[in-house]
Amino acid sequence: MLSNLVINYEEAVAIVLFGIGFTTLLFQRNLVRKLIGMNIMDTGTFLFLASMGFINGRKAPIVVNGVQDTAAYINPIPASLVLTGIVVSVSVTAIMLSLTVRLYHRYHTLQLDDIYVLSKHQTEDR
Amino acid sequence: MTNSFITNFPLFTIVLSLFSGPLCYMLKRRMARYWTIGLECGLIAMVSAVLWYTMTTGSSFTYVMGEFPAPWGNEIRAGVLEALIALVFLLVMLSSVIGGSKYIDIDIDESKINLYYTLINLMTAALMAMVWTNDIFTGYVFLEILTLTSCGILIVREIGRTTLAAVRYMIMNLLGSGLFLLGVVLLYDVTGNLLMVPMQEEIAKLITNSQNMMAITMGLGILTIGLCIKSGLFPFHYWMPDTYGWATPTSGAVLSSLVSKCYIFLLFKIYYRVIGIEVFEQLPIRNILLVLGLMGMVAGSVSAMRANNINRMVAFSSAAQIGYIYMGIGIGGKVGYTAAMFHVMAHAVTKSTLFLTTPRLSDVSGGSLLFRNLQGSGIRDRAAGVYFSVASLSMIGIPIFAGFSSKLLFAEAAVDSGSMTKMVLVMIALALSSMLNAIYFIRTMIRIYQPDTTGIRVSAKRVSYQIPMIILTVMNLALGLFSWYFAGMIEQGLSMFG
C-alpha cells in the first residue's frame, strides 16, 4: 500500500495539495487566504491530471521523422483539460478578488466573521 | 424543413444564447430586454420542436460536433427527458425575466441593466448546455459558467448584504466545483474517456472484472458531494436564505428554481449515463443521499417556520424541496427517479411564482418583508395574493396543484422500493414535512388575508406582470392535473437514457 504511494508520489502530492487548499478555503476566516486556498486546490487537481496524462518515455503528439505509431506519443487531451481548467480558475479568481475589493471598500476589513457582524447592523430590510 | 434539421436545435439553443450575451452588452437597456425576451421565446419554440420530434420518433438523437466520431469529439444528446426539462427551464426563465422586470429597473443601476440581460443570456446558455451535453468535461466548464453568472446576477443589486451573500455563495460553490472537477478527473483517469457513452462502457468492463472499484466509488462520491454542496442539500443549505432573499426577485427566482435544479439534473445524468443506473443502485451513495434528503426535508421546514421574513421563509423551504428531490433519487427505482424529475419541474414552477409575488406583497406593505408588516397585503394587491396562495397550496401539497402530484409520486416510489425501513422513513418524513409546510404557508396566507384598516387597494394592471404569472400558474395546474401525462413522458425519457 505504502509502496504505491511512493511510486505515484506525484498523485499523492496532488491530493495532499487539494486537501490543503480545500481546508484553507473552508476554514480560513480571511478572504484573501480563502482565495489562495482555492488556487492551491485547483492547482492540486491540475497536477493530478497532468501527471496522470504523462507517460514516461513518450513524446509530445507532434509527428517528427515520420513516426506515426500512437505508442510513441502521449495523449494531448489531459494537457488541454489542464489548460481549460486554468482558464476557469483564473476567471473565478478574478471575480472573487473583485468581490473582495468591493466588500473591503464597504466594511474596511477582510475577516468574513467581522463583515458578517457588521452587515447585520445594516438596515437594508426591504 | 426536414425533420433532421430539428437535430440542430439543441446546439442552436446554446450557441444563440451564448452570442446574445455580448450582443446585449452592446444594446441599450430596453432593446436588451426585448432581445432577451424574443430570444427566450425562440428557444422555447425550438425546444418544443425537439420535444415533439423525440416523442414522435420515440428515440433520442446525438448531435456530433465537427463530425468527429465517438471516442473523440464532443457531443450533444437530446431525448424526451432533456427536452422536457429544458422546456420547463426556459418557460420559468422567460416568466422570471418578464415578471421581475419592474424590480430589475428599481434594483439595478440604470447603466448596468443591459449587463444584467447579458448575464441572463449567458446563464441560459449554461443551463441549456448542462441539460443537453453528452460530455462530462463540457458539463464542468458550463457548470463554472453557471456559477459565475449566478454570482453576477446576485451582485448586480449593489447593497452590502448581496455582496456578502455572493461571497458566501461563491465560497460554497467553489468548494463544490473543486470537488466536482476532482471527481471528473478521477473518473477520467479510470476510464480514459470524457464522453458519457464510452465512459459507461469502460466502467461496465471494470465492474465485471471488479477492477478499480475504489477509484470509481471515490470519484463518484467526490463528484456527488461537490454537486450536493452546489445545489444546497441539507448540511450545506445555510447560504440559501441570504442568497435568495436579498437578490433582485428575478435572480432569486432563477437561482432557486433553475440553477440548483440544473446541478441536480447533471448529477442525475452522470448516475444514469456515466456510472449506469444498475451499478449506481449497488453503491452506498444512494442511501446517504436518501438520509440527507430526509433530514433536509425536515430541517429546511423547521428553519422556514422560524423565519420572520417572508423571503427567508420561502428560501428555507427551497432547502426542504431540494431534500425531496434527493430523497427521490435515494429511493431509487423507476418510480423514484420519475418522482425526482417531476419534482424538479414542479418545484421550479412553484418556487419562481413565490419569489416573484413576495416583492409585490412587500410593495404594498411599506416595502417591508417582515411578517408583521405584511398583514392584509393579499387584500391590498389581490393579484399577487392569489398567485401567492396558489403557489403556497401547491407547496403544501393540495390536490390539483403540482406539489400534490410529486408527493403522490414520492409515496408511490417508497411503496415500490420494496424495503420496509425505507418506506416507513419516507412516509414519516413526507407527513412531517407536509405538516410543517402547511403550518408555515397557511400561517402566511392567514397573515396576508387578515383585514387591515389602511384601505389601500392596488390592482396589478401591468400586463408585464400578469402574463408571466398566468403562465406559471397554468404550468402549475397542468403539472398537477395531468401529472400522469408528464410522468409518462419522464418515463419515456428515462428509457431513452440508459
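1. In which helix of chain B is Ser301(B) found? Ser301(B) belongs to helix α12, which covers residues 285-306 of chain B. The model is a predicted one, and the points below should be read as descriptions of that prediction.

2. The surroundings of Ser301(B) can be listed directly. With neighbours within four places in sequence left aside, Ser301(B) touches Gly296(B), Ala320(B), Ser433(B), Leu436(B), Asn437(B) and Tyr440(B). Its relative accessible area is 0%. Because the limit for a buried residue is under 20%, Ser301(B) counts as buried.

3. Chain A has five helices and zero strands. Read from the N terminus, its order of elements is α-α-α-α-α. The radius of gyration of chain A is 21 Å, whereas the globule rule gives 14 Å for 126 residues; the value is well over the rule, so chain A is more spread out than a compact globule. Along the principal axes, the C-alpha atoms of chain A fill a box of roughly 70 × 35 × 20 Å.

4. Burial and contact range for chain A are as follows. Of its 126 residues, 33% count as buried. Taking contacts in chain A between residues at least 6 apart in sequence, 49% join residues at least 24 apart.

5. Chain B contains 20 helices and two strands. Its radius of gyration is 22 Å, close to the 23 Å that the globule rule gives for 498 residues, so chain B is as compact as a globular protein of that length. The C-alpha trace of chain B spans about 75 × 55 × 45 Å along its principal axes.

6. The corresponding figures for chain B follow. Of the 498 residues, 67% count as buried. Among contacts in chain B with a separation of 6 or more, 81% are between residues 24 or more positions apart.

7. The largest nonpolar core holds 211 residues, and Trp132(B) and Met327(B) are those with the most contacts inside it. Helix α11 of chain B, residues 249-282, gives the most to this core, contributing 20 residues.

8. The largest pocket has about 710 Å³ of space. Its lining consists of 20 residues, and those nearest the centre are Asn8(A), Glu11(A), Phe48(A), Met52(A) and Leu186(B). At least two lining residues come from each of α1 (2-7), α2 (9-27) and α3 (31-53) of chain A, and from each of α7 (160-191) and α9 (213-231) of chain B. By class, the lining of the largest pocket has 15 nonpolar, three polar and two charged residues.

9. The second largest pocket has about 620 Å³ of space. It is lined by 25 residues, with Asn75(A), Pro76(A), Ile77(A), Pro71(B) and Trp72(B) nearest its centre. Two or more lining residues are given by α4 (77-107) of chain A and by α6 (136-155) of chain B. The largest share comes from α4(A), at four residues. The lining of the second largest pocket divides into 13 nonpolar, ten polar and two charged residues.

Notes
Residues are numbered from 1 along each chain as its sequence is written. Chains are lettered from A and ligands numbered from 1 in the order in which they are written. This is a predicted model: local features need pLDDT of at least 70, side-chain atom pairs count only at pLDDT 80 or more; totals for chains, interfaces and linings use all residues. Side-chain values use heavy atoms; hydrogens and water are left out. A nonpolar core is a set of buried Ala, Val, Leu, Ile, Met, Phe, Trp, Tyr and Cys residues joined through side-chain atoms within 4.5 Å. Buried means under 20% relative accessible area, exposed over 50%, partly exposed in between (1.4 Å probe, protein chains only). On a 1 Å grid over the protein atoms alone, a cavity is a set of points where a 1.4 Å probe fits but cannot get out, and a pocket is an open set with protein on both sides within 12 Å along at least five of seven lines; lining residues have an atom within 4 Å of a point. Grid points are joined across faces, edges and corners, and a volume is the space filled by probe spheres set on the points. Ala, Val, Leu, Ile, Met, Phe, Trp, Tyr, Cys and Pro count as nonpolar, Asp, Glu, Lys and Arg as charged, and the others, Gly among them, as polar. Contact means heavy atoms within 4.5 Å. The radius of gyration is taken over C-alpha atoms; the globule rule is 2.2 Å times the number of residues to the power 0.38.
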